[in-house]
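Okay, everyone, I've got a few minutes to walk you through a structure. Have the picture open and stop me if you get lost.

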Amino acid sequence: MISEHLDVRMTVDGRTISARVPVRYLLCDFLRERARAGGVHVACGHGVCGACTVAIDGIPVRACLMLAVQAEGAAVMTVASLAALEGDPEPRAGLTRLQRAFREHHALQCGYCTPGLLVSTALFLAQNPSPCRTQIIDHLNGHLCRCTGYANIIAAIESVRR
Amino acid sequence: MKPAPLRYARPGCIEQAVGLLAAAAERGRILAGGQSLMPLLVRRADRPGLLIDINRIPGLDQIEVLPAHIRMGALVRQEQARRSPIVRSEAPGVAAALAWVANPAVRQRGTVIGNLTANTPGAELPAVAIALDAQFVVRTAEREQVLPAAALIGPEKVVPANAMVTHVLWPRCAARVGFHEVARRDGHAPVVSSLVALGVNGCRVSLSGVCRTGLSCPTVARLIAMRLPGVPEVGDLASALRDDLVGPVYSDAHSSAQYRLEVAPVVSQRAARMALEELAA
């Protein structure tokens with residue numbers, strides 16, 4: 001029962017991935033290297049920046065603060081599943097509603113923080129479809145963006161709230 | 001693979017978890033939400049031999065109402081507790097403090113007990129637990145004990161490496177509370193935070209970030225209670241606070257001890273104002 005290596009099996013964006021991994025293998029590395037989910041961006045690597053945020057069974061999780069073996073049996077959704085996370089089955093011109101809002105409001109520049117922001121904002125809006133500005137800012141506390149100064153991200157999220 | 005090599009176990013019950021802790025001879029760590037522990041591991045500030053993942057132990061995610069307490073298991077997430085109507089009405093100080101802990105995403109994974117036992121300087125909940133007389137249910141392979149939180153996370157205290165805090169007991173009370181903090185960035189560990197609870201044996205005040213661990217401030221609390229329905233001046237709060245200090249004032253690269261002592265009475269004054277507004281409402 002105690003081990004340094006374990007078999008792990010999870011679904012990543014609908015695909016089942018199984019592998020034998022060292023237990024210290026982080027989920028963010030597993031997703032990038034084993035599941036080839038390049039939308040998982042690793043920046044700070046210790047839970048501050050939010051760039052690697054993915055949805056695990058519908059909850060936002062920093063993939064750098066979780067071991068791959070902890071996700072045994074879980075359904076992991078990265079930014080590649082954004083349409084499903086937003087409940088937007090038919091993205092227009094390949095972009096979901098949230099992605100279009102980010103583009104229209106210049107809510108990204110280098111784009112490194114964007115996948116994590118999109119995933120966690122989709123989950124945030126699913127829980128609270130009409131957040132006030134204060135709630136949006138509270139939500140953004142979990143994400144670092146070095147380009148935009150956040151004003152455009154706030155504007156993008158405000159434009160899609162119901 | 002940033003953490004140092006380690007082993008991992010996924011026990012199915014508390015007995016197994018504490019058995020594994022005992023066998024790991026001080027090198028075992030309980031892994032619940034991981035929001036305090038994992039950053040230590042990836043920086044290799046901690047190199048445990050064994051991680052004991054308790055996430056699959058049934059029943060630990062419950063918030064229960066007991067005659068005198070609200071009982072939370074070791075898997076109760078911070079956001080779950082913050083949103084709980086029971087916690088809001090029966091342990092309002094806890095709900096008020098939780099709104100300031102981290103950010104919504106981290107709160108959905110991080111646990112209440114994890115935040116308490118990590119006992120990071122500045123962290124909101126340990127100070128609140130000490131000031132409100134919370135208790136821990138502590139389990140080792142040999143026995144189960146109920147201990148005051150202050151006995152495990154107070155000054156010079158640590159949770160023993162062979163022990164697991166399985167539950168926290170918050171005394172039920174209908175206090176009116178105010179919580180305020182100053183942080184370098186919202187959602188991060190504050191420089192100083194303060195809870196003022198009016199109506200728990202008069203008044204209770206907690207401060208974090210002033211001493212190395214959370215601080216209960218009975219002298220400040222008496223002063224606030226005495227001046228009701230007004231709020232004491234900052235200077236008076238500052239002198240009262242001096243009598244409540246336990247050990248040296250904490251300092252780090254960002255905030256000196258002097259700065260913390262200047263900010264603490266201001267933060268407590270604001271928390272007291274918020275509590276008074278609650279009382280009036």
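So, let's start in chain B, with strand 10, residues 192–198. This is a predicted model, by the way. Strand 10 of chain B is mostly covered, with seven of its seven residues buried.

Now, which way do the residues of that strand point? B:V192, B:S194, B:V196 and B:L198 go one way, while B:S193, B:L195 and B:A197 go the other way, and all are buried. If you're wondering about the pattern, in a regular strand the side chains alternate between the two faces of the sheet.

Okay, what about the strands it pairs with? Strand 9 of chain B, residues 176–182, runs antiparallel to strand 10, and seven bridges join the two. Strand 11 of chain B, residues 203–208, is also antiparallel to strand 10, joined to it by six bridges.

How many helices and strands does chain A have? Six helices and five strands. Reading from the N terminus, the order is β-β-α-β-β-β-α-α-α-α-α. The radius of gyration of chain A is 16 Å, close to the 15 Å that the globule rule gives for 162 residues, so chain A is as compact as a globular protein of that length. Its C-alpha trace spans about 50 × 30 × 25 Å along the principal axes.

And buried residues? They make up 48% of the 162 in chain A. Okay, that's me done!

Technical notes:
Residues are numbered from 1 along each chain as its sequence is written. Chains are lettered from A and ligands numbered from 1 in the order in which they are written. This is a predicted model: local features need pLDDT of at least 70, side-chain atom pairs count only at pLDDT 80 or more; totals for chains, interfaces and linings use all residues. A residue is buried if 20 or more other C-beta atoms lie within 10 Å of its own, exposed if 12 or fewer, and partly exposed in between; C-beta atoms are placed from the backbone. Helices (H or I, at least four residues) and strands (E, at least two) are DSSP runs, numbered from the N terminus. Two strands pair if DSSP finds at least two bridges between them. The radius of gyration is taken over C-alpha atoms; the globule rule is 2.2 Å times the number of residues to the power 0.38.
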